[in-house]
Amino acid sequence: MFQGSSALTLDAKGRVSIPTKHRDALVSQVEGRLTLTRHPDGCLLLYPRNVWEEKREQVARFPMSARPLQRLLLGNAQDVDMDGSGRILIAPELRSAVGLTREAMLLGMGSHFELWDATEWARREAEDLAKGMPEVLEHFSF
């Protein structure tokens, strides 16, 4: 289970270093083999390859009415491998599509990660918190 947030910096080549706390697990579980794709919320999704392969099959089975979501998820999916320093290269197309610049935030979401432009993440988080808690949390206690 991946959890927590990490501030990352893209280097001049568009690479980010996966934090050590996640890097070791990703190397042992999937030999550093990952898949990046777009999310409709405006971030990138980063999956361990084996988890992505299961998701990819689910997405491929969506009905025709979900074709736009299939295009977004499958049409933008790119396999990436961590290098010896634990870095992954984020393709210019993906960086551009979500406005990812130099400063980024990596959020552990259980089985995968979300990768946000740091400024956009701060804006989105503030907006989400201002909306209040959804009904689904009425019976949840912190």
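Biologist: Where is the place of Ala91?
Modeller: This is a predicted model, and in it Ala91 sits in the loop between strand 6 (87-89) and helix 4 (92-97).

Biologist: Why does Ala91 count as buried?
Modeller: The term buried means under 20% relative accessible area. Ala91 has a relative accessibility of 11%, so it counts as buried.

Biologist: How far apart are Ala91 and Lys13 in sequence and in space?
Modeller: They are separated by 78 residues in sequence, and their C-alpha atoms are 9.3 Å apart.

Biologist: Let us turn to Thr35. Where is its place, and why does Thr35 count as buried?
Modeller: Thr35 belongs to strand 3 (residues 33-38). Its relative accessibility is 0%, and buried means under 20%, so Thr35 counts as buried.

Biologist: What makes the pairs Thr35 and Arg49, and Thr35 and Asp79, polar contacts?
Modeller: A polar contact requires a pair of N or O atoms within 3.5 Å, one able to donate a hydrogen and the other to accept it. The side chains of Thr35 and Arg49 are joined at 3.2 Å, and those of Thr35 and Asp79 at 2.8 Å.

Biologist: Which residues does Thr35 touch, not counting residues up to four places away in sequence?
Modeller: Among them are Leu45, Leu46, Tyr47, Trp52 and Ala77.

Biologist: Why are Arg123 and Glu127 called partly exposed?
Modeller: Partly exposed covers the range between buried, under 20%, and exposed, over 50%. Arg123 is at 40% and Glu127 at 35%, so both are called partly exposed.

Biologist: What makes Arg87 and Asp83 a salt bridge, and why are they partly exposed?
Modeller: Their closest N and O atoms are 2.8 Å apart, within the 4 Å cut-off, so a salt bridge is assigned. Arg87 has a relative accessible area of 24% and Asp83 one of 28%; both values lie between 20% and 50%, so both residues are partly exposed.

Biologist: How many salt bridges are there by this rule, and which residues are linked in a network?
Modeller: The count is ten. Salt bridges link Asp41, Arg124 and Asp128 in a network.

Biologist: Why is Phe142 called exposed?
Modeller: The relative accessible area of Phe142 is 82%, and exposed means over 50%, so the term applies. Phe142 lies in the segment after helix 5 (118-130). Together with Leu129, Met133 and Phe140, Phe142 makes a nonpolar surface patch of about 550 Å².

Biologist: Which residues does UniProt list for "domain: SpoVT-AbrB"?
Modeller: The unreviewed UniProt entry lists residues 5-51 and 77-120. In the model, residues 5-51 are 30% helix and 40% strand, while residues 77-120 are 20% helix and 45% strand.

Terms used:
Residues numbered from 1 in each chain as written. Predicted model: local features only at pLDDT ≥ 70, side-chain atom pairs only at ≥ 80, totals over all residues. Heavy atoms only, no water. Patch = residues over 30% accessible without salt bridge, like charges linked within 9 Å, V, L, I, M, F, W, Y side chains within 5 Å. Areas by Shrake-Rupley, 256 points an atom, 1.4 Å probe, with all protein chains shown as cover. Salt bridge = Lys/Arg side-chain N within 4 Å of Asp/Glu carboxyl O. Helix = DSSP H or I, 4+ residues; strand = E, 2+ residues; numbered from the N terminus. Buried < 20%, exposed > 50% of the residue type's maximum accessible area, 1.4 Å probe, protein only. UniProt positions renumbered as here; feature names shortened; annotations may be inferred. Contact = heavy atoms within 4.5 Å.
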